[in-house]
Amino acid sequence: MKTIDRRRFIQWAGAFLGSAALSSTGFLRPQALWGANRETGFEPDVEIYLEAGYDQISLLSGPRTDVWRYHGKVLTGPEETLDLSDMSYLGPTFRFRRGQNIRIRFQNLLPDETTIHWHGLHVPDTMDGHPRLAVAPGGSYTFEFKVLNRAGTYWYHPHPHGRTGHQVYGGLAGLLIVSEPQEAALPLPSGRYDLPLIIQDRAFDRENQLLYMPRGMMDRMNGMMGDRMLVNGRPDHFLDMDSATYRLRILNASNARIYRLAWDDGGPLTIIGTDGGLLERPATRQEVLLSPGERIELWADFSRHRGGDVVRLVSRPLPQAAAGGMMMGRGMMGGRMGMMAGRSPLDDTTFTVTTFKVGTAAGPRKDLPGRLRPIERYAREDADNTYSPKRFSLTMSHMQGLINGRVFDMQAVAPDEYVRLDGTEIWEFANDGLGMGMMNMPMAHPMHMHAVQFQVLERWGVSHDGYLDAGWKDTLLILPGERAQVIARFSPYAGLYIYHCHNLEHEDGGMMRNFRIS
Ligand code: C2O
Ligand code: CU
Ligand code: CU
């Protein structure tokens, strides 16, 4: 049974308290490997020590909260590769430059096996954090990869099979920002005007401890949703802003919650980037749907505001069709009854994600560039399977998420899960309840592919106004009743990768599959 109740969570944390001194003093005196890898010849430009361990952190008034947390330190190379600015329980922000060779010496100080996945990055399959490569408690693993991706906002998090939701919820996640000269040359807000916002929801008990899956089966099916917003690891998050133009990099690092983001003053959102970096040109939307794993970059001009103004980024209630799951009368969904019924109070109201308080200080005011970065568009005709897209049917049957009726198996690869190295394919994710002919519970599934960034070719069905399908994507929300086709080039690494639903409880429940590039 993969349902983790609170008692077990506390027990784990407690079991680890004994060795807490080990992690809170920081580091096990890491030795840099120095120089080239003897087997592969890989020469790092930067070498980092990273550990996952137990910690306690003051989040709410009263007792501190037990968390699991990444700590890191640069061993050799540029110090600024690790941004250690306060992110509460979240891991340090990695700041990579495109083309850099990265070596990360990872130490698992958790009482649980884990792996690290670099979400969105193109890395060799043994560096991708596949669950088959789980690192045992006390074990270590050396990651080595070249940063091939475009400049953009990526992230890292654990990926052990059946345990990802629990570990991410416990605090293990961090941001990863890739830069490159072509982007730096654009007149975009930079330095302290380039702000990350990692958005997550959590539930706490009376002793301020994280509550994971208190509703049991209900949370397993809907995914774990809390009743409190945390931004950059802080509840009641707000930022003091200058009267200036900002770039906001927003990551939805929640286990299951889908946000419907909007400004509270009703003004449109100006989007400049998505999962795989900057768009060709800015886009505007009244609201944006952001599902777990997805990123969005906003252009936010606070110079339009006067000192003392307060601006809020809010999330509106999801339309019932998007929420999926158990549909119950809205009237009984508030408060405790809502919690019992499997929905949290956040689900049915507009709530504040974060608050921006505009001060009197003025900072640089920028003009929105009309063009951002070029994107090579893939056409349907570029694919190896133009006339026969691979179809992956998404269903939720007997509380289990399935892809083409299958669940995750550590080694298995079905015939339609083989891809030619350097090939280009169209994949269709179909959440239309057809396919397997089984009883299907309509639910939203944010589908994520490792190893690639894809482009969205077409959607059928619901097509919400809050979709932003332009640019490079690695995670795509597929609402109930909908199907979408994406196109990707499977390059430059062969190997065994995974694709899955990024609702972490769906993923842990087996809504994940291997694919092999060969
Ligand atoms: Cu962010 Cu396989 O996931
Ligand atoms: Cu990923
Ligand atoms: Cu799902």
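This is a predicted model: local features need pLDDT of at least 70, side-chain atom pairs count only at pLDDT 80 or more; totals for chains, interfaces and linings use all residues.

Trainee: Why two sides at all?
Mentor: In a regular strand the side chains alternate between the two faces of the sheet.

Trainee: How many residues of strand β10 are buried?
Mentor: 9 of the 9 in β10 (residues 194–202), so the strand is largely enclosed by the rest of the structure. Strands here are DSSP runs of E with at least two residues, helices are runs of H or I with at least four, and both are numbered from the N terminus.

Trainee: Which strands does β10 pair with, and in what sense?
Mentor: With β14 (residues 245–252) the sense is parallel, over 6 bridges, and Ile198 has Leu251 as its bridge partner there. With β11 (residues 228–231) the sense is antiparallel, over 4 bridges, and Ile199 stands opposite Val231. Two strands pair if DSSP finds at least two bridges between them.

Trainee: Ile199 again. Which residues of the largest nonpolar core touch the most other members?
Mentor: Ile199, Leu248, Ile250, Trp263, Phe302 and Phe356, out of 38 residues in that core. A nonpolar core is a set of buried Ala, Val, Leu, Ile, Met, Phe, Trp, Tyr and Cys residues joined through side-chain atoms within 4.5 Å.

Trainee: What is Phe302 in contact with?
Mentor: Leaving aside neighbours within four places in sequence, Phe302 is in contact with Met241, Asp242, Ser243, Ala244, Tyr246, Trp263, Val311, Phe356 and Val358. Contact means heavy atoms within 4.5 Å.

Trainee: How many aromatic pairs are there?
Mentor: The count is 27. Rings of Phe, Tyr and Trp (its six-membered ring) pair if their centres lie within 6.5 Å; planes under 30 degrees apart count as stacked, over 60 as edge-to-face and the rest as tilted. Trp263 and Phe302 are an edge-to-face pair, 6.2 Å centre to centre with 85° between the planes. Trp263 lies in strand β15 (residues 259–263) and Phe302 in the loop between β19 (295–301) and β20 (310–315), so the pair ties together parts 39 residues apart in sequence. Both Trp263 and Phe302 are buried.

Trainee: And which residues form an aromatic cluster?
Mentor: Tyr70, Phe94, Phe96, Trp118, Tyr141, Phe143, Phe145 and Tyr156 form one.

Trainee: Metals now. What are the protein donors of the copper ion that is ligand 3?
Mentor: His445 (ND1), Cys501 (SG) and His506 (ND1), lying 2.0 to 2.1 Å from the copper ion. Their spacing along the chain is H-x55-C-x4-H. His445 lies in strand β26 (residues 445–449) and His506 in helix α8 (residues 504–508), so the two tie together parts 61 residues apart in sequence. Donors are N, O and S atoms within 2.8 Å of the metal (3.2 Å for Na, K and Ca); water is not among the atoms, so sites may look incomplete.

Trainee: Are His445 and His506 buried or exposed?
Mentor: Both His445 and His506 are buried.

Trainee: What about the donors of ligand 2?
Mentor: For that copper ion the protein donors are His117 (NE2) and His448 (NE2), lying 1.8 to 1.9 Å from it. His117 is in strand β6 (residues 116–119) and His448 in strand β26, 331 residues apart. Both His117 and His448 are buried.

Trainee: Last one: how many helices and strands in the protein chain?
Mentor: 8 helices and 31 strands. Of the 518 residues of the chain, 62% count as buried.

How values were computed: Residues are numbered from 1 along each chain as its sequence is written. Chains are lettered from A and ligands numbered from 1 in the order in which they are written. Side-chain values use heavy atoms; hydrogens and water are left out. Buried means under 20% relative accessible area, exposed over 50%, partly exposed in between (1.4 Å probe, protein chains only).
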